[in-house]
Structure formats: C-alpha cells, structure tokens
Amino acid sequence: TCSLPMCKSLLASDPRALGVLAAVDTLSGWSTSPVPKGSARGVSFLLGFGSYIALVAQVSQPKAGQVRVDKVFCAIDCGVAVNPDSIEAQIQGGIAHGLSATLWGQTTFANGVPNLVNFSNYRVLRRSEMPVVSVKIVPSTAAPGGVGETGVPCVAPAVANAWARLTGTRVRTLPFQPGATMSGG
C-alpha cells in the first residue's frame, strides 16, 4: 500500500507537493506517533484545480468488514489563502461529501430507472459518523487555486489505503458498503 514516505519519494521534485506532504505528516503524527491498536492510516495526494492537497485517513474496523473513519487530516496549498475560514469549511464539507460517496454512494438502475427515487433513502454520512477533521493551510505565494472540489477526490484513496494497511485487503470498487440506505443502515 502507498505510504507517506513513498509519496514523498515519488513527488520529491515538486516543492509544493512536498510541502503539503510534510504538513499532513506533522498534522497526523504519521512519522512521530504510532497509530492506535486496531487502526491504520492511509494517505492520498492531489494536484488539481490549481491546488495541492494531501490527506491522511485513520480508520478502524468496529465489526468484521465494516470500516469506520475515525480521523481525517488534510493539508492544502491553494496558493494565497484569501479567506482561510472559508477554505477550511470547504475542505471539511468536501471531506464529508467524499466520505458519503466512498462508503455508501451508490445508485442502481432497473430498466434505465433509478431504484432510489428520493433523497430521504439515499445513504449519507450521519452527524455521529463524521470523523474529527483537521485542516492545515500551507502558506504560499502562488496564485490562488480551487478549494471547493479538492477535498472530495482524496478521500476514497486515503480510506482505501488505510483499509488495505489495516486488513490486508485492497478495495478496488466503491462504495465500501453497497446497498446501504438511510432507513436500512
């Protein structure tokens, strides 16, 4: 599985990439504190929308085959941070959206018609399931980049990498828990 040192070696020629990886390393304690027993951390990186983002997810397995995301650490270099509070809020919202999609986001179809026809039954992250999220904005003088979308695509690979480290099983399709609905789990 991809580890933080491996990511750093793969991106060694890009100072901004190394900056977010170093920041998320410090924020998550990857290199300095052991992960709690029964948990694992996974990392992902994105260069997109003019921003650099690194994300570490810490997961556990409360029941066999069930993933729980306990903590998420995110570092972003989005260039000049025009409104840091808004950046943090957008990253947190993107992470919540990305977790819902990663864990349960599925729509099935029968004869071209969706089986779920109302959002009241579409499984999304519950408030009690939201992990602790820490966001670090890396100081930068680069032109401002995007922040509204950047939190979403990093979630699934970080969670999948953590799950692979925890269980030895590599998830190759999403969602992690297909078929879940708001009323049924």
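This note walks through a predicted model, point by point.

1. Before you start. Residues are counted from 1 along each chain as its sequence is written, and side-chain values rest on heavy atoms, with hydrogens and water left out. Because the model is predicted, local features need pLDDT of at least 70 and side-chain atom pairs count only at pLDDT 80 or more, while totals for chains, interfaces and linings use all residues.

2. Strand E2. Helices (H or I, at least four residues) and strands (E, at least two) are DSSP runs, numbered from the N terminus.

3. The neighbours of E2. Two strands pair if DSSP finds at least two bridges between them. Strand E1 (residues 39-48) runs antiparallel to E2 and is joined to it by 10 bridges, with Gly-42 partnered by Ala-57. Two residues lie between these strands in their hairpin, where Phe-49 takes a positive phi near 60°. Strand E3 (residues 68-77) is also antiparallel to E2, through nine bridges; Ile-53 has Ile-76 as its bridge partner, and Tyr-52 has Asp-77.

4. Strand E3 and onward to E6. Seven of the 10 residues of E3 are buried, so this strand too is largely enclosed by the rest of the structure. E3 pairs with E6 in the parallel sense over six bridges, and Phe-73 stands opposite Ser-134 in E6.

5. In soluble globular proteins, nonpolar side chains tend to be buried together.

6. Cysteines. How many disulfides are there in the whole structure? The search finds zero, a disulfide being a pair of cysteine sulfur atoms within 2.5 Å. For Cys-154, the nearest cysteine sulfur belongs to Cys-74 and is 6.8 Å away. Cys-154 is buried, with a relative accessible area of 1%, and Cys-7 counts as buried at 7%.

7. A loop proline. Pro-139 sits in the loop between E6 and H4. Is this residue buried or exposed? Pro-139 is exposed, with a relative accessible area of 69%. Its C-alpha atom is separated by 7.4 Å from that of Gly-79, 60 residues apart along the chain.

8. The largest pocket. On a 1 Å grid over the protein atoms alone, a pocket is an open set of points where a 1.4 Å probe fits, with protein on both sides within 12 Å along at least five of seven lines; lining residues have an atom within 4 Å of a point. The largest pocket is lined by 13 residues, with Gln-66, Val-67, Arg-68, Trp-104 and Glu-129 nearest its centre. E3 and helix H3 (84-103) are the elements that give two or more residues to this lining.

Definitions and conventions. Buried means under 20% relative accessible area, exposed over 50%, partly exposed in between (1.4 Å probe, protein chains only).
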